[in-house]
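Let's walk through this one with a few questions and answers. Here is the structure to keep beside you.

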Amino acid sequence: MKTHKLPVNLTDEQIEDFGRELDAIRDEILDSRGERDRAYILKVIKTQRSMALGARVLIYASLFFLPAWGHALAVWPVMLTLLGLGTFMLGIAKILENMEIAHNVLHAQWDWMKDPEIQSNIWEWDTMSPSDRWMHSHNVVHHTWTNVLEKDLDVGYGIMRVTPMQRWKPAYLLQPVYFILLMLLFEEGVAFHEQAIDDHIKGKNKFADFKPLLKRIGYKIWRQVAKDYIAWPLAAALVAIPISFFVDFSPLAVFGIVAGANAIANVIRNIWAFMIIFCGHFPAGVHNFTLEQVEGETRARWYLRQLLGSCNIEGGKLFHVLSGNLSHQIEHHLFPDMCSNRYKEASPRVRALADRYGLPYNSASLFRQFGTTWLKNIRLAFPGGGEPYQRNPSQATSS
Amino acid sequence: MRQPVPTEHNTTPSIWSRLSTITDYFAWPLRTSHYLELVNPLWTTHKMQARVEKVWDETRDARTITLRPGLNWRGHRAGQHVRVGIPANGKHYTRTYTISSPPERNDDCFTITVKAIDKGTISHHIVRNIKVGDYLPIGLPQGDFYLPDANPIQPLFITAGSGITPAFSMISSLIAQERLPDTCHLHYSPHEFDVVLGKQLKEMDAKHSRYHLNLLYTREGKDQHFSEAQLAALCPDWKERDVYACGPPSLLEAIEACFEQAGCSRNLHIERFRAPFTEIPKDAVGGKVRFAQSGIDTEADSETPLLKVAEDAGMNPPHGCRMGICHTCNTTLVSGCVRDLRTGEVLNEAGSIVQTCICAAAGDCELDL
Ligand code: FES
């Protein structure tokens with residue numbers, strides 16, 4: 001018998017069976033967690049912290065090779081190479097911190113270890129959004145209501161049209177521009193990704209209602225800015241003041257170099273996070289849902305919706321780590337609190353299960369997933385818009 | 001970190017902590033201490049760790065571990081205990097152990113002596129797997145089972161099994177200070193070969209004429225269990241002494257009863273080890289639920305999620321998805337037993353994190369809500 005309104009040809013019983021099989025996969029993997037997993041996360045954390053420190057030191061070290069110093073190695077190519085290396089390393093460290101560590105810790109994936117240091121309720125991350133605010137907008141709202149229109153704020157983030165199910169408005173014409181701006185300013189975007197702010201813009205609440213909220217976000221942003229754009233650059237500039245009596249290089253320029261390097265590292269992280277995250281739910285072939293479709297949803301149907309609404313990205317081991325294993329977006333959405341290093345072993349099992357039930361499993365290269373995300377973005381900026389580039393028309397979004 | 005890890009004592013801000021408020025701007029959202037940890041785990045201030053310096057097998061199932069604590073350690077008093085965090089099978093456990101060394105030790109280290117108890121995964125793990133060079137998180141010394149600064153008139157120690165450790169620390173401390181009064185000691189253990197710290201005790205007995213040791217073996221033929229007659233025989237002036245007792249609950253109860261009858265309970269000082277586990281009820285039944293912070297007691301069956309139970313009791317506890325995915329509803333188990341409705345797993349260790357939206361009572365329980 002079929003009472004559900006999901007775009008699949010399965011009966012209710014079949015869906016419940018499918019759900020039970022997923023539960024079995026989940027339980028089996030969760031039961032086998034142990035020392036190996038703890039060693040993994042401790043190693044990632046240690047590597048990340050050493051890398052961040054190393055990168056900062058490298059950025060500082062590059063300043064000794066400014067041509068103004070006048071020694072044999074003090075030439076621009078050497079200086080810029082070191083600076084570039086340090087900046088890149090800092091970017092990677094920030095990526096690791098945001099994606100593989102913080103995102104997953106904040107999903108309570110590591111709470112099972114009961115390590116008082118690695119707990120979802122005390123972790124704070126290196127980005128402008130306060131952890132607990134993000135946990136609400138992400139863990140609660142997005143993960144519960146994945147891809148449901150009017151419920152999941154991540155569907156278009158309130159500024160973009162990502163599915164033809166959203167009614168077109170002239171403002172969407174500019175969405176390729178928003179897309180690029182959001183990519184560059186992703187962390188700021190996430191910080192202000194709040195239902196209360198969205199409601200305010202729509203005139204549903206008063207400014208006073210979320211002033212305390214803005215204060216909290218403001219404090220977090222201030223500390224981030226204080227670190228990357230004041231403390232580190234200032235320390236270098238202060239050292240440069242006495243030195244500037246002997247070599248002709250302004251401490252102000254030193255300040256600028258360090259602050260600039262930090263800004264670039266943040267932008268590297270922003271672009272990467274944006275790409276991985278946008279490939280999770282927006283590529284071609286992904287499904288969106290109406291409120292009516294999720295009415296009276298069982299756990300099994302919730303599973304099915306997660307599968308239909310998420311996309312994986314294929315890649316190597318390093319790629320998975322740098323993407324925080326969000327390249328296994330499908331598994332992450334099915335089992336949000338499973339520790340991330342285990343998604344790669346859940347993935348083939350989930351895929352085989354989907355095959356058996358004749359369900360789509362949206363997995364492709366970064367190139368394809370990001371490419372179709374872009375195409376869709378441009379197409380949907382204009383009115384109408386089925387999905388003409390759909391490979392398999394039977395997977396088309398139902399509306 | 002969002003909340004600073006609470007420290008257990010207040011000191012006036014040191015130069016270091018004042019300096020670190022500035023350096024922390026460089027480390028945000030971490031603290032400077034997180035980076036110092038990369039260099040030397042003993043330099044951290046956001047948590048305290050100790051390095052395992054030496055492991056020494058006392059008996060076939062008891063081991064003494066020498067620990068070098070981090071910089072923010074403060075000295076202990078003989079008889080106090082310390083919380084030690086131990087990772088085993090990927091999980092972090094916390095156990096409390098008495099410090100078995102006297103505070104007068106001069107190498108800045110202290111020792112704990114651990115006996116592997118039946119079914120005790122953690123004590124087995126410590127006794128078998130902890131090795132030199134490991135770092136273990138520790139707390140500060142705690143507890144009020146210690147000797148008064150003024151000499152006790154004449155102490156009597158009654159100990160059994162690993163209850164020897166605080167007494168051992170106290171006696172060695174008195175010896176180190178060269179102010180050992182006339183001391184009587186009754187120690188119970190099943191057999192001669194498993195007396196924890198037995199060799200050291202016998203040495204002290206031989207060397208110090210004021211220390212009178214009586215080793216009693218409870219499983220070697222005749223009945224050697226604690227009784228008033230036995231006490232009177234081994235320590236005739238027991239009613240005049242300051243008594244320090246530590247051991248399993250059955251022994252402590254017998255001692256308490258004996259002293260109460262004799263009307264000298266106020267001489268008695270007792271150290272109890274609280275069991276961190278609750279017995280799991282056979283058939284998953286509901287029970288009394290207590291919400292500690294709200295001070296609300298209510299009844300729950302074994303099927304209703306505790307979140308619902310709390311709401312029905314008129315509370316509004318934090319929650320999000322109500323289906324076990326967001327962890328907004330996490331709270332701490334103060335005591336008792338709950339069951340995860342998805343997996344059937346039973347949580348019975350005090351301090352465990354409970355997801356109230358998918359856990360139900362399994363017997364009585366108390367939650368930090
Ligand atoms: S309310 Fe989301 S996990 Fe309990």
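Q: How many salt bridges does the rule find across the interface of chain A and chain B?
A: This is a predicted model, where local features need pLDDT of at least 70, side-chain atom pairs count only at pLDDT 80 or more, and totals for chains, interfaces and linings use all residues. Residues are numbered from 1 along each chain as its sequence is written, chains are lettered from A and ligands numbered from 1 in the order in which they are written, and side-chain values use heavy atoms, with hydrogens and water left out. A salt bridge here is a side-chain nitrogen of Lys or Arg within 4 Å of a carboxyl oxygen of Asp or Glu. Across the interface of chain A and chain B, the count is two.

Q: Which residue of chain B forms a salt bridge with Lys114(A)?
A: Side chains of opposite charge can pair when their charged atoms come close. For Lys114(A), the closest N and O atoms of the pair are 3.4 Å apart. The partner is Glu349(B).

Q: What area is buried between chain A and chain B?
A: Chain A puts 51 residues into the contact and chain B puts in 37 (contact means heavy atoms within 4.5 Å). Buried area is the accessible area, taken with a 1.4 Å probe, that two parts lose on being put together, summed over both. Carbon and sulfur atoms give 59% of the total, which is about 3700 Å².

Q: How many residues apart are Asp115(A) and Arg38(A), which form a salt bridge?
A: Their closest N and O atoms are 3.3 Å apart. Asp115(A) sits in the loop between α3 (76-106) and α4 (131-144) of chain A, while Arg38(A) is in helix α2 (residues 35-62); helices (H or I, at least four residues) and strands (E, at least two) are DSSP runs, numbered from the N terminus. The pair links distant parts of the chain, and the separation is 77 residues.

Q: Why does Asp115(A) count as buried?
A: Buried means under 20% relative accessible area, exposed over 50%, and partly exposed in between (1.4 Å probe, protein chains only). Asp115(A) counts as buried because its relative accessible area is 7%.

Q: Where in chain A is Lys220(A), the salt-bridge partner of Glu124(A)?
A: The two side chains meet at 2.9 Å, N to O. Glu124(A) is in the loop between α3 and α4, 96 residues away from Lys220(A) in the chain. Lys220(A) itself belongs to helix α8 (residues 211-243).

Q: Is Lys220(A) buried or exposed?
A: The relative accessible area of Lys220(A) is 2%. That makes Lys220(A) buried.

Q: What is the relative accessibility of Arg305(A)?
A: Arg305(A) forms a salt bridge with Glu297(A), with the closest N and O atoms 2.8 Å apart. Glu297(A) is partly exposed, with a relative accessible area of 25%. Arg305(A) counts as buried, and its value is 0%.

Q: Which residues does Gln293(B) touch, not counting residues up to four places away in sequence?
A: Gln293(B) lies in the loop between β12 (287-291) and β13 (296-300) of chain B. At 61% relative accessibility, Gln293(B) counts as exposed. The residues touched are Asp368(B) and Leu369(B).

Q: How many strands are there in chain B?
A: Of the 369 residues of chain B, 50% count as buried. Chain B has eight helices, and its strands number 17.
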